[in-house]
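Q: I would like to learn how to read a fold step by step, with the general idea given before each case. Could we go through the model together?

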Amino acid sequence: MFYKQINLKEKYPLSENANQSNVPVETDFANATTKISIIIPALNESKNIKATLASTQISTNTEIIVVDGGSQDNTVDIAQSAGVKVITGYQNRACQMNAGAMNATGDILLFLHADTVLPANFDAMIRTAIQQPLAVAGAFSLRINAPQIGLRLVEWGVKLRSKWLQMPYGDQGIFITKKVFDSIGGFPALPIMEDFELIRNLKRLGKITLIPVPVITSPRRWLKKGVLQTTLINQIVIIAYFLGISPQRIRSWYRGEKIIKY
């Protein structure tokens, strides 16, 4: 399955307060002065986004961009009260993240789900990881915030998939240099599987590095339908995608199960 590159600047225009200056091509990413732009797509995340935003605050030279998809709760108010940049008007998560990237001023982009908390010193770990030989992108390990033993098995499976197949997913906090992100055209404009397809494109360019320290994500998807059923549905979605079933149809099935975040 192939998706052509898009011109991000044309499709996702800069907000009025975006910095349009050019960044140096050669950058020392281990230097604390290298800016990291944290892009958080959100929709009705008032119960989670405050903790997510708080986890970004103890860091050096970062900016936070919340891209809201039309929340009906006070997600936007919470983000604005935290003093972060807020963008509205994009209702598809891939489009939200692309819009956030276009308005980012950092040399490194971190895509973070609104129900996921970053570990301490995440910024230093990202700057170090992105410098590894052949690395084009990376992600964190995953910790699901609930005690069920089944979730420990899910975490173990995520660890194996990320390490041996080089396939982390969006809930692990994917990070990438802005230069590489722009060069591949950003996230493909898919209604589902956008992170999966992004990582597949990146694997053709180099290594996806994994930080062994976990981000902590909400267990709601697994608790809603149960660990086994949720895991089974996830695998069916991947198989359907490889069989060529349209992402729109897969998305409708996934929403029908009511386990997707939004």
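Q: Which elements make a right-handed β-α-β unit with helix α3 (residues 75–81)?

A: A crossover is called right-handed if, with the strands pointing away from the viewer, the path from the first strand over the helix to the second runs clockwise; here β2, helix α3 (residues 75–81) and β3 make such a unit. The helices (H or I, at least four residues) and strands (E, at least two) are DSSP runs, numbered from the N terminus. Please keep in mind that this is a predicted model, in which local features need pLDDT of at least 70 and side-chain atom pairs count only at pLDDT 80 or more, while totals for chains, interfaces and linings use all residues. Residues are numbered from 1 along each chain as its sequence is written, and side-chain values use heavy atoms, with hydrogens and water left out.

Q: How many bridges join β2 to strand β3 (residues 85–88), and how many join strand β1 (residues 36–42) to β2?

A: Strands of a sheet pair through backbone hydrogen bonds, either parallel or antiparallel. Two strands are taken to pair if DSSP finds at least two bridges between them. Strands β2 and β3 run parallel and are joined by four bridges, with K85 in β3 as the bridge partner of I65. Strands β1 and β2 also run parallel, joined by seven bridges, and I36 has T62 in β2 as its bridge partner. Between β1 and β2 the chain passes through helix α2 (residues 49–57), in a β-α-β crossover that is right-handed.

Q: Why is strand β2 (residues 62–68) described as largely enclosed by the rest of the structure?

A: A residue is buried under 20% relative accessible area, exposed over 50%, and partly exposed in between (1.4 Å probe, protein chains only). Six of the seven residues of β2 are buried, so the strand is largely enclosed by the rest of the structure.

Q: What is the order of the strands in the open sheet, and which are the edge strands?

A: The open sheet has eight strands in the order β3-β2-β1-β4-β7-β6-β8-β5, with mixed pairing. Its edge strands are β3 and β5 (116–117), each of which pairs on one side only. Strand β5 pairs with β8 (residues 207–217) in the antiparallel sense over two bridges, and V117 stands opposite I216 in β8.

Q: Which residues cover the two faces of β7?

A: In a regular strand the side chains alternate between the two faces of the sheet. In β7, I174 and I176 lie on one side and F175 and T177 on the other, and all of them are buried. Strand β7 pairs in the antiparallel sense with β4 over four bridges and with β6 over two bridges. I176 is the bridge partner of L109, and A137 stands opposite I176.

Q: Which residues of the largest nonpolar core touch the most other members?

A: In soluble globular proteins, nonpolar side chains tend to be buried together. A nonpolar core is a set of buried Ala, Val, Leu, Ile, Met, Phe, Trp, Tyr and Cys residues joined through side-chain atoms within 4.5 Å. The largest one has 37 residues, of which L109, F111, I176, F181 and L202 touch the most other members. Apart from it lies another core, of 31 residues, among them L53, F122, I130 and I144.

Q: Which parts of the chain does the pair of E194 and R93 tie together?

A: A salt bridge is a side-chain nitrogen of Lys or Arg within 4 Å of a carboxyl oxygen of Asp or Glu, and the structure holds 10 of them. The side chains of E194 and R93 meet in one (3.4 Å, N to O). E194 lies in helix α8 and R93 in helix α4, so the pair ties together parts that are 101 residues apart in sequence. E194 is buried, with a relative accessible area of 5%, and R93 is buried at 18%.

Q: Which residues are linked with D115 in a network of salt bridges?

A: The network links E45, D115 and R220. Within it, the side chains of R220 and D115 meet at 3.3 Å, N to O; R220 is partly exposed, with a relative accessible area of 28%, whereas D115 counts as buried at 6%.
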